[in-house]
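Let's take a friendly walk through a protein model, one topic at a time. Keep the structure in view as you read.

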Amino acid sequence: MSQFWKPGSERPRLIDDEEGGVIFYSSSPSTSSGFGYATIEKQRQRLPVYKYRTAILYLVETHATTIIVGETGSGKTTQIPQYLNEAGWAEGGRIIACTQPRRLAVQAVASRVAEEMGVKLGEEVGYTIRFEDLTNPDTTKVKFLTDGVLLREMMDDPLLTKYSVIMVDEAHERSLSTDILLGLLKKIQRRRPELRLIISSATIEAKSMSSFFQTSSKKRKGQTGEDLEPRTDPAILSVEGRGFNVQIHYLEEPVSDYLQAAVSTVLSIHDQEPMGDILVFLTGQDDIDAAVQLLTEEVHNNRKHSGLIILPLYSGLPRAEQDLVFSPTPRGQRKIIISTNIAETSLTLEGIVYVVDSGFSKQRFYNPISNIENLVVAPISQASARQRAGRAGRVRPGKCYRLYTEEYFVKEMSTQGIPEMQRTNLVSCVIQLKALGIDNILGFDWLASPSPEAVIRALEVLYSLRILDDDAKLTSPTGFQVAEISLDPMISKMILSANLLGCSEEIITISAILSIQSIWVSVRGSQKELDEAKLRFAVAEGDHVTYLNVYKGFLESGKSSQWCYKNFINYHAMKKVIEIREQLRRIAQRIGIALKSCEGNTEVLRKAITAGFFANACHLETFSKGGMYKTVRGSQEVYIHPSSVLFRVNPKWVIFHSLVSTDRQYMRNVTAIDPSWLIEAAPHFYEHQRGNPVAY
Ligand code: ADP
Ligand code: MG
């Protein structure tokens with residue numbers, strides 16, 4: 001590991017030679033020799049988009065909307081904003097925006113672009129993601145941000161006037177926020193003809209995107225007949241890639257455990273194939289950490305496997321670990337990156353020659369009938385599988401090992417994924433649109449319409465949370481405050497209720513912790529120790545109150561990393577919690593909530609949680625099968641997740657924060673409640689029947 005670049009030291013640069021085969025290092029662009037700078041320029045000029053630089057600038061100049069399709073790694077994200085900046089689109093205090101669906105991609109790409117431009121991140125080049133703003137209002141010219149953050153900005157500045165060009169990147173992902181954003185940007189364009197849009201992606205149905213942005217408005221002409229406004233028909237530009245051939249290998253027989261299959265495939269590639277890095281696609285932090293652990297043990301136990309560097313890649317990873325993923329592989333070693341979907345198209349990793357594709361990713365699915373949203377490990381589409389394979393052909397011909405059969409690929413996998421819009425809960429989406437004054441949600445100009453059931457269900461939930469009134473308008477002040485907080489509306493509602501109940505201090509802490517994947521260290525093989533550590537903090541009320549104990553302990557330890565280590569708590573996650581909590585405190589202050597503690601009164605705490613999450617109420621059906629619960633609304637069968645402190649405790653009535661599906665539907669972050677609080681919190685949602693609440 002000593003050969004790795006360390007933050008703070010001079011960063012080695014990676015270059016591939018003309019054949020794309022050999023990898024060597026040169027000095028960093030910040031060295032005084034001047035040589036480094038030429039190198040980065042040369043690297044930029046080698047990217048496929050470079051040949052289209054003039055064409056791109058011309059199209060953006062003359063068209064309101066430009067659609068750019070180009071293979072991953074061709075330079076769309078890192079180069080186009082720089083071209084626009086060089087051409088003067090950021091002059092006069094204007095800003096060039098580039099959106100990404102994923103936070104990690106925003107950070108990684110912004111820091112890469114700052115590096116290429118030789119500037120400090122947070123000045124000319126900056127980024128904004130939820131809970132983190134690294135921009136300078138006086139100097140930032142190129143700004144990377146999540147599509148969600150840009151939507152949020154529209155509440156304060158509906159026409160997004162500070163931006164001259166908005167590049168909506170990774171449009172093929174069709175994230176919920178991307179789709180909402182595209183619909184709104186189309187409206188903004190009519191009011192701001194000088195605004196330019198770029199829609200870019202790895203694969204895109206350019207035609208349907210183009211007809212969506214086609215408007216028939218007449219253009220204004222100058223006195224001599226010159227165009228005063230850009231053309232309203234979108235331009236389409238396709239950037240040819242330079243990907244190498246990738247050989248596809250399928251399994252002959254399906255496997256039941258993709259994790260184990262991935263690990264053994266990696267080891268056999270390492271044994272049998274020439275040098276080159278391996279990228280493994282798994283689904284989320286849990287299975288990625290498990291695979292990292294298994295491989296690390298293997299390397300430890302078997303000399304034959306030395307020279308392997310095993311790295312995870314998922315959002316929420318600490319900065320230093322992210323940097324390791326992008327740093328060049330030392331000579332004679334092989335890097336194995338085990339990643340979520342993020343490496344499919346959002347991030348370019350150099351040096352990958354082998355891809356192992358589990359065939360799965362974590363996807364959100366929503367059932368409007370039961371009003372339950374699940375994060376499910378689900379099969380990917382053929383389009384995704386092709387993208388994943390493509391990652392192996394960046395530097396030389398590569399190989400992709402699919403952990404499924406060819407028959408499965410052809411017969412079972414859908415050709416395209418379903419836009420997120422059509423498979424998620426629309427509660428946040430509806431609030432956002434309402435806050436922007438768009439009342440007719442179904443009549444909105446959607447790229448792909450959401451189902452009427454999902455819209456109706458969202459309206460109903462918002463009505464029961466008293467965020468919308470009888471006319472389906474935002475209530476005042478609750479509705480407007482919830483929109484302002486711009487978190488999950490259930491969390492926002494919980495915070496507002498905590499203000500009334502006098503426990504905002506604690507609820508803000510809980511909200512910050514719920515924004516983090518997990519504060520526990522997940523270590524395979526020492527589950528018992530982890531469970532014992534949890535017991536030191538666990539309380540009968542459930543996970544939420546337990547978190548308060550952890551937070552308190554962390555503060556009392558002086559925010560010590562050793563204390564975290566001893567207690568199986570993720571130090572980085574706790575530091576993040578402190579940061580997020582501070583942001584939430586500021587938001588609360590802005591909407592007039594002063595922090596107040598309930599001084600250990602857990603009943604008011606749980607009432608505040610119930611006020612936000614009453615829709616996620618369940619009662620214990622039977623102790624058998626490890627404690628089976630049914631949701632009060634929809635009678636869905638659910639179980640307490642083994643990571644919960646209430647696992648095996650099984651209180652009679654509980655509410656949960658979220659569900660995850662594996663073999664069963666598991667509730668994560670569970671708190672025991674008194675059923676009478678449900679009717680108290682949501683008389684529109686629940687009624688009494690034989691002493692117990694039932695759903696209307
Ligand atoms: P696209 O958006 O078309 O997928 P990018 O602009 O992200 O392409 O990447 C272009 C090139 O920039 C990559 O091929 C890679 O060589 C380089 N690059 C991008 N991000 C990084 C990074 N974080 N570290 C090192 N090189 C990077
Ligand atoms: Mg990109």
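Where is the place of Pro477? Pro477 sits in the loop between α15 (452–464) and α16 (478–485). Keep in mind that you are looking at a predicted model.

Ser476 and Pro477 are joined by a cis peptide bond, with omega at about 5 degrees.

Now turn to Phe131, which is found in the loop between β5 (125–129) and β6 (132–134). Phe131 is not a glycine, yet its phi is positive, near 70 degrees. Why point out these two spots? Most residues other than glycine have a negative phi, and most peptide bonds are trans.

## Three domains

The domain assignment divides the protein chain into domain 1 (37–239), domain 2 (246–421) and domain 3 (427–681). Let's look at how domain 2 and domain 3 meet. Their centres, taken over C-alpha atoms, are separated by 31 Å. At the interface, 20 residues of domain 2 touch 20 residues of domain 3.

The size of an interface is often given as the accessible area lost when the parts come together. Between domain 2 and domain 3, about 1700 Å² is buried, and carbon and sulfur atoms give 56% of that area. How many salt bridges cross the interface of domain 2 and domain 3? The rule finds zero there.

## Salt bridges

The structure as a whole does hold salt bridges: 34 of them. One of these links Arg44 with Glu116, where the closest N and O atoms are 3.7 Å apart. Arg44 belongs to helix α1 (residues 35–46) and Glu116 to helix α4 (residues 103–117), so this pair ties together parts that lie 72 residues apart in sequence.

Finally, find helix α18 (residues 504–514) and helix α20 (residues 543–556). At what angle do α18 and α20 pack? The angle is about 95 degrees, and their axes are 9 Å apart. An angle from 65 to 115 degrees counts as roughly perpendicular, and α18 and α20 are therefore roughly perpendicular to each other.

Which residues make this contact? From α18 come Glu506, Thr509, Ile510, Ile513 and Leu514, and they meet His544, Tyr547, Leu548 and Tyr551 of α20. Sorted by type, the residues of this contact are six nonpolar, two polar and one charged.

How values were computed. Residues numbered from 1 in each chain as written. Chains lettered and ligands numbered in written order. Predicted model: local features only at pLDDT ≥ 70, side-chain atom pairs only at ≥ 80, totals over all residues. Heavy atoms only, no water. Axes fitted to C-alpha atoms, helices over the stretch in contact; angles between N-to-C directions. Helix = DSSP H or I, 4+ residues; strand = E, 2+ residues; numbered from the N terminus. Parallel < 35°, antiparallel > 145°, perpendicular 65-115°, else oblique. Contact = heavy atoms within 4.5 Å. Nonpolar A, V, L, I, M, F, W, Y, C, P; charged D, E, K, R; others polar. Domains from an automatic or database assignment. Buried area = accessible area lost by both parts, 1.4 Å probe. Salt bridge = Lys/Arg side-chain N within 4 Å of Asp/Glu carboxyl O.
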